[in-house]
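Have a look at the model first, then read on.

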Amino acid sequence: MEVLTVSQAGEQLALLSEVGNRVGTTLDLDKTARELCEVLVPRVADFACVDLLDGLISDSELPDERPDDRTMLRRVARAVNSSPGHWDHVLDEGALLAMPRSTPPGLALQENQPVLVPVIDPDVAVDYAASLGGGPDLVPVVVGRSMLVLPLSARGTVLGILKLLRLPDRSPFDKSDAATLKELAARAALSLDNARLHRAESRVATTLQRSMIPTRPPRIPGVQIAHRYLPGDSRAEVGGDWFDAIQLPGSRVALVVGDVMGHGLHSAAAMGRFRTAMQTLAALDLPPGQLLRHLDNLAHKLGDDHLATCLYAVYDPINRTCELASAGHVPPVLVHPDGRGELLEIPEGAPIGVGGVPFVAKRIDVSDGSMLVMCTDGLVEVRGGDIGEGLAALCGNLIDPKQTPDEACDTVLERLHSDDRADDVALLVARFDGVPPSEVATWELAVAEDEVRRARSLVRGQLAAWGLDALDDTVELLVSELVTNAVRVARDHVQLQLIRVDKLLVEVSDDNHNLPSLEPAGSMDEHGRGLHLVSKLAERWGTARKAVGKVVWFELALPRS
């Protein structure tokens with residue numbers, strides 16, 4: 001057993017301490033490997049490189065099989081002592097290479113044990129040069145050097161190898177070096193494995209988030225919508241930003257932008273829960289303030305420990321109003337038709353998950369041709385500055401109202417977004433075009449069965465006025481069925497509405513909140529056939545709860561002129 005001197009023991013402890021302080025400072029796999037090489041060169045060796053299993057780099061997954069001669073490694077990092085010409089033929093970072101068992105690196109990899117070659121013999125220099133990733137020109141340079149190959153093993157699995165070389169002008173590696181550096185490699189391997197696990201989690205979080213963010217905005221009459229999502233820089237984990245556009249009864253649309261605080265897989269999963277809950281509550285057609293209150297209550301019931309800011313807006317293209325409520329979110333900007341930007345003052349509220357804070361909505365009138373710009377704080381936060389600076393820039397003459405929402409998104413990102421921003425960005429721009437009054441017909445009906453005949457007559461007259469006589473028979477039949485159902489269950493309110501946009505939208509509302517269901521009906525049944533007819537004849541149809549009561553709607557394509 002070799003006995004170390006006090007100075008040798010102190011040097012080894014100092015080296016281990018330095019590795020602990022300088023290696024694994026981040027959860028970046030490449031940087032961790034590079035930190036390891038830089039600690040060792042030139043203090044311990046003249047050349048160091050980290051070669052990891054290629055599967056760790058490509059998909060962050062460990063292979064099921066043990067390493068063999070066919071196992072491919074990828075050079076992740078290398079460091080050399082500044083000696084011109086000595087390392088010109090060694091493979092660069094990113095190169096792929098195989099390590100057969102006949103070479104010291106391959107033996108260390110497959111046996112999971114250090115391999116020490118005090119001095120490289122000329123007879124086997126060819127194999128050693130190949131194991132270092134060099135060609136025949138490297139053989140004369142390799143002769144006489146000392147080599148130590150250490151497996152990088154963590155949690156029972158070999159991740160790759162650490163290869164070290166010393167030039168002939170230094171004392172060769174010995175068993176004491178091998179023992180010390182084996183401990184060093186084990187510590188470094190844990191840091192590398194932590195970085196691998198972090199990379200795998202980040203990829204899962206990114207995939208999860210991207211799968212839950214809409215890729216194309218919906219086509220909704222009276223409004224044009226565009227949105228963008230930009231991840232933060234490569235050093236940051238994926239965030240919990242999201243956006244949505246949800247069609248509501250009466251051609252209205254709910255616009256949503258939210259931001260779950262924090263980063264990583266858990267934040268992305270929390271974003272998915274918040275977005276799903278938001279869509280479910282929006283289907284109930286709750287006013288914005290009530291919706292945020294229900295979302296906050298739901299977050300507490302689910303025991304979700306994540307906080308989220310959120311902005312919820314409902315645009316009515318018929319009445320030309322927009323009602324907004326905020327849960328601690330960045331305020332939106334309304335760009336008027338003349339190009340003037342206005343920062344909307346909305347009661348701020350508190351983030352979802354805080355609890356006990358009221359959410360107060362604000363209703364505003366909006367002109368046709370105006371744009372609503374909603375974003376997360378990653379867009380307007382200026383490094384070293386106040387968020388107000390970014391908001392002020394957004395309120396400037398940044399957007400031309402003649403632009404499309406897509407062009408407006410591109411303009412905003414070009415002017416405000418920079419590559420050094422660490423946080424991700426969600427941006428939604430909606431252009432309010434409205435639905436002309438001439439394209440909407442609304443009637444209040446009494447709760448009486450003879451109103452069914454009146455409803456058919458009203459529909460017939462309106463379709464004739466619009467030149468849609470070709471739809472007369474189908475629309476009359478379906479309206480007759482829906483109004484019949486409505487007057488049977490309503491207490492004192494039934495409404496019929498027709499909207500002509502790029503399709504014909506028909507809605508029948510009443511003050512009974514129980515939603516009808518599509519149930520089997522026999523060929524001789526007198527009841528239960530209305531929704532079956534709607535489902536067969538309409539292009540799309542559905543039911544939804546309203547703040548008071550419900551609505552049943554259907555759509556028909558307009559006849560080709």
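Predicted model: local features only at pLDDT ≥ 70, side-chain atom pairs only at ≥ 80, totals over all residues.

## The sheet

β8 and strand β9 (residues 253–263) pair up antiparallel over 9 bridges, with strands taken as DSSP E runs of at least two residues, numbered from the N terminus, and pairing taken as at least two DSSP bridges. One of the bridges links Gly 240 to Val 260 in β9.

Zoom out and you get an open sheet of 5 strands, ordered β8-β9-β10-β11-β14, with antiparallel pairing. β8 (239–247) and β14 (362–365) are the edge strands, each pairing on one side only. From one strand to the next, the twist averages 15°.

## Helices on the sheet

Helix α8 lies across β8, β9 and β10 (308–316), running at about 15° to β8. α9 packs on the sheet too, touching β10 and β11 (321–327), and its direction makes about 25° with that of β11. Contact here means heavy atoms within 4.5 Å; angles run from 0 to 180 degrees between N-to-C directions, with axes fitted to C-alpha atoms (for helices, over the stretch in contact). Helices are DSSP H or I runs of at least four residues.

## α8 against α9

α8 (residues 265–283) and α9 (residues 288–301) pack at about 135°, axes 10 Å apart. That makes them oblique to each other, the class left over once under 35 degrees (roughly parallel), over 145 (roughly antiparallel) and 65 to 115 (roughly perpendicular) are taken out.

On the α8 side, Phe 274, Ala 277, Met 278, Leu 281 and Ala 282 meet residues of α9 including Leu 291, His 294 and Leu 298.

Numbering starts from 1 along each chain as its sequence is written, and side-chain values use heavy atoms, leaving out hydrogens and water.
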